[in-house]
Amino acid sequence: MIFVENEFAPLKTVVLAQSEFGYPKEPRPEDLRFLNPAAVHENFENKGKDYAEAFPELQKQWEKERENLKETLEKYGVNVVRPRKLTHTEKESVGTAGYSNFFVRDPFFTVGNFVVEASLRFLHRRNEVFPVRDLFLQSVYPQDCFYVAVPQPEIADPEDQTLGKGPFLEGGDVLVLGKHVFVGNSGLASNDLGIQWLQKLVKPQGYVVEQVKLHPDILHLDCALGFVKEGLMIICEEAFPDGIPASLQEWKKIPVTIDEAMNLATNGLPVSPEVYITDPAFKRIGEQIEKEDIKVEYIDFSISRSFGGSFRCSTQPLLRH
C-alpha cells in the first residue's frame, strides 16, 4: 500500500537515502547561501572531488549516521528500503555540475496515494531521481497508486541565475496535513510554476495546495517548519515573511531562531505521534517535545546536517497511515 496521510501518522514504510556527493567543478555561490560558511568553503576547496575522496573518514561517519537511523526506525517496526547508488556513467553525465544521491526527500514525494517524481532546481541534483527509479519497480509499480512526474525543467541560459522558469517542485517543500498540502517557496527550490502544477494534479482529488513564502536563505519549508503531532509544531517564525499559514495559527509552537533553523532544528522525524527523532544538538527542543508525552530518540546527524539536510530530508515515506 502507498499512502501518506500526514507528516506524523505512524510510519510504516520509508525510503532512506544513500550518502553520495560530488562537488561541482564550478560552484554557484548563489546556490550555497543556505549552507554554513564552512560548508561553502568546502565546496570551493574541493571542486570536482567526490566527498569520499576528499574526506574518507567523514564519509564513513556519514554512512554510519544513516545506518543508525535505519536501526532506530526498524526498532519501531518501520520497513526501511534504500535506493541504489549512482553508477559511474551517471556521475560522469553531469559534466561540471557535480552529483548527489544524499537527500531522498527531494527527488520524489508522496501525497496521499500520489507518488510524484520531483523537478529539482540545483543542477547537481537534476538526476537524483535515477537511483530511486529501480526501487519504484519493486515498491511503487505493483501498488494501487498514482505515479507521475513533474515536467522536465527547461534548460536555461548559462547567465540566467534563476536557472529558468522550471517548473521546480521539491519534496522538502511539501508538507502534507490530510487534504491540505503546504508548499514552500524561497527562490532556492520550488517555484510558482511547480506549485501550480501540483495544484492542477491533486485538486480534482479534493486537495488544497497552499503556497508558503519563505526567507530567501531557507532552502525548503521543512527547514523552517516541522509537524510533531496534531496541534504541535517546531517553527521559525522569522522564516515566514508573510506570517505563519492561517490554518496553523492556533497550533502549539516550539520556537527556533533563524540560525537554529538553518542548522536543521525543525528537520526531525516523527516515527508516530508518540515517537520523534532529532539530533542531540537540539536537546533543548527535545526536552520540550518530551513534555508532550512523546518519546525522543537522539541520533548524531552532524555530517548529514553539514550538507543542509537532516532526518526528514534523508527519508521519504511511502506509507504513513
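These are my notebook entries on a predicted model of one protein chain.

**Ground rules**

I number residues from 1 along the chain as its sequence is written, and because the model is predicted, I take local features only at pLDDT of at least 70 and side-chain atom pairs only at pLDDT 80 or more, while totals for chains, interfaces and linings use all residues. My side-chain values use heavy atoms, with hydrogens and water left out.

**Entry 1: the whole chain**

I started with the secondary structure. The chain has nine helices and 18 strands. Along the principal axes, the C-alpha atoms fill a box of roughly 50 × 45 × 40 Å.

I then checked burial. Of the 321 residues, 57% count as buried. Buried means under 20% relative accessible area, exposed means over 50%, and partly exposed is in between, using a 1.4 Å probe and protein chains only. The accessible surface comes to about 13,300 Å², and carbon and sulfur atoms hold 51% of that. The areas come from the Shrake-Rupley method with a 1.4 Å probe; for residues, only the protein chains shown count as cover.

Contacts came next. I call it a contact when heavy atoms are within 4.5 Å. Among contacts with a separation of 6 or more, 70% join residues 24 or more positions apart.

Last, charge. I find 35 positive and 48 negative side chains, with the centres of the two sets 3 Å apart. Lys and Arg count as positive, Asp and Glu as negative; His and the chain ends are not counted. Each charge is placed at NZ of Lys, CZ of Arg, CG of Asp or CD of Glu.

Which residues of helix 6 are buried? In this helix, residues 192-202, they are G194, I195, W197, L198 and V202. They cover an arc of only 155° around the axis, which puts them on the same side of helix 6. The arc is that of the directions from the helix axis to the C-beta atoms. Q196 and K200 are exposed on the other side. The general rule is worth a note: an α-helix has 3.6 residues a turn, so residues three or four places apart point the same way. The buried residues of helix 6 pack against strand 6 (108-111), strand 7 (114-117), strand 8 (146-149), strand 10 (180-185) and strand 11 (208-213).

Helix 8 spans residues 283-290, and its I285, G286 and I289 are buried. Seen down the axis, the buried residues of helix 8 fall within an arc of 100°, so they line one face of the helix. Their cover includes strand 12 (225-229), strand 13 (232-235), strand 14 (252-255), strand 16 (275-278) and strand 17 (295-298).

The peptide bond from G166 to P167 is cis, with omega near 5°. P167 sits in the loop between strand 8 and strand 9 (174-177). L163 is in the loop between strand 8 and strand 9 too. Its phi is near 65°, a positive value in a residue other than glycine. L163 is buried at 6% relative accessibility.

F122 belongs to the loop between strand 7 and helix 5 (130-139), and F122 is buried at 4%. What does F122 touch beyond its neighbours within four places in sequence? I list D31, F34, L163, E170, L188 and L219.

**Entry 2: another positive phi**

L264 has phi near 80°, again positive in a residue other than glycine. L264 lies in the loop between helix 7 (258-262) and strand 15 (269-272), and L264 is buried at 3% relative accessibility.

T13 is in strand 2, residues 11-16. Is T13 buried or exposed? At a relative accessible area of 16%, T13 is buried. Leaving aside neighbours within four places, T13 is in contact with V78, N79, P317, L318 and L319.

S304 lies in helix 9, residues 302-306, and is buried at 0% relative accessibility. With neighbours within four places left aside, S304 contacts W62, E65, R66, F103 and G309.

Note on methods
Helix = DSSP H or I, 4+ residues; strand = E, 2+ residues; numbered from the N terminus.
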